[in-house]
Amino acid sequence: LEPKEEFDHSSLTVDVMRPRRSDPALAVLTQESMTVGEVEALVESTHYSGFPVVVSQESQRLVGFVLRRDLIISIDNARKRQEGIVSASQVLFTEHAPAQDADGPPPLRLRGILDLSPFTVTDHTPMDITVDIFRKLGLRQCLVTHNGRLLGIITKKDILKHMAQIANRDPDSILFN
Ligand code: ADP
């Protein structure tokens, strides 16, 4: 992101973040209610570089952010080297394990690969401020919240695409809109 590039002052982060209205929902992981098999299915069915981790689907409270490649490596390693890790094993991003089902397989603990303080902005943050944060902190992605709940994600590429769209617009339409 070039510092000298001008940004459209009227847009808000909500206008540039994903998912858009027509997109599939944000792909998130829950902190303690998914199995290894469910996490693998989500990773395989999407191409995203990372996944927000939330307390629960209902709450959408943000716990952290996990990179796709770290998830793949950790699960592959655990399946090969860790006793009892199977598709039905619970994936735990929490510090403490919930009371364990004595009959079930042991859980896979993945708190170690979780970024516990991912950068966030609110949906109503003006885009020029969000762009400034990306530039100054060298971010690749940033999560978007609304009233403390996770709403979406915005990547550096989303911003660059949005800038390109603005640049390609007829200058008159920018001036008079
Ligand atoms: P990039 O934008 O650098 O290609 P990604 O591959 O992570 O990065 O994201 C591709 C697109 O999907 C972007 O528009 C981004 O906003 C969106 N996206 C990223 N992560 C998720 C996710 N977990 N759920 C839904 N959409 C996402």
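Helices and strands here are DSSP runs, numbered from the N terminus. With that naming, Gln 60 sits in the loop between strand S3 (50–54) and S4. What you're looking at is a predicted model, and its protein chain holds six helices and nine strands. The chain has a mean pLDDT of 91, with 90% of its residues reaching 70 or more. For the complex, the predictor gives an ipTM of 0.99 and a pTM of 0.91.

**The chain as a whole**

- Of the 177 residues in the protein chain, 24% count as buried.
- Take the contacts between residues at least 6 apart in sequence: 58% of them join residues at least 24 apart.

**Around the ligand**

- The ligand has 13 residues around it, and the closest are Arg 18, Tyr 48, Ser 49, Thr 155 and Lys 157.
- Two elements give two or more residues to this shell: strand S9 (149–155) and helix H5 (156–168).
- S9 gives the most, with three residues.
- Sorted by class, the shell comes out as seven nonpolar, three polar and three charged residues.

**Helix H3**

- H3 covers residues 68–81, which makes 14 residues, and its first and last C-alpha atoms are 20 Å apart, close to the 20 Å expected at 1.5 Å a residue.
- Leu 71, Ile 75 and Ala 78 are its buried residues.
- These three lie on the same side of H3, because they cover an arc of only 65° around the axis.
- As a rule, an α-helix has 3.6 residues a turn, so residues three or four places apart point the same way.
- The other side of H3 carries the exposed residues Arg 69, Ile 73, Asp 76, Asn 77, Lys 80 and Arg 81.
- The cover over the buried residues of H3 includes helix H2 (36–45), strand S4 (62–67) and strand S6 (108–109).

**Helix H4**

- In H4 (residues 127–137), you'll find Met 127, Thr 130, Val 131 and Phe 134 buried.
- Here the arc around the axis is only 100°, so these residues also end up on the same side of their helix.
- Turned away from that buried side of H4 is a face with the exposed residues Lys 136 and Leu 137.
- Helix H1 (13–16), strand S7 (120–122), strand S8 (141–146), S9 and H5 are included in what covers the buried residues of H4.

- For background, most residues other than glycine have a negative phi, and most peptide bonds are trans.
- Arg 18 and Pro 19 are joined by a cis peptide bond, with omega at about -5°.
- Pro 19 belongs to the loop between H1 and strand S1 (29–30), while Arg 18 is among the closest residues to the ligand.
- Gln 60 isn't a glycine, yet its phi is positive, at about 55°.
- Gln 60 counts as partly exposed because it has 19 C-beta neighbours inside 10 Å, and a residue needs 20 or more to be buried.
- Asn 147 isn't a glycine either, and its phi is positive too, at about 50°.
- Asn 147 is placed in the loop between S8 and S9.
- With 8 other C-beta atoms within 10 Å, Asn 147 is exposed, since the cut-off for exposed is 12 or fewer.

Conventions. Residues numbered from 1 in each chain as written. Predicted model: local features only at pLDDT ≥ 70, side-chain atom pairs only at ≥ 80, totals over all residues. Helix = DSSP H or I, 4+ residues; strand = E, 2+ residues; numbered from the N terminus. Expected span 1.5 Å × (residues − 1). Arc of directions from axis to C-beta. Contact = placed C-beta atoms within 7 Å. Near = placed C-beta within 6 Å. Nonpolar A, V, L, I, M, F, W, Y, C, P; charged D, E, K, R; others polar. pLDDT = per-residue confidence, 0-100.
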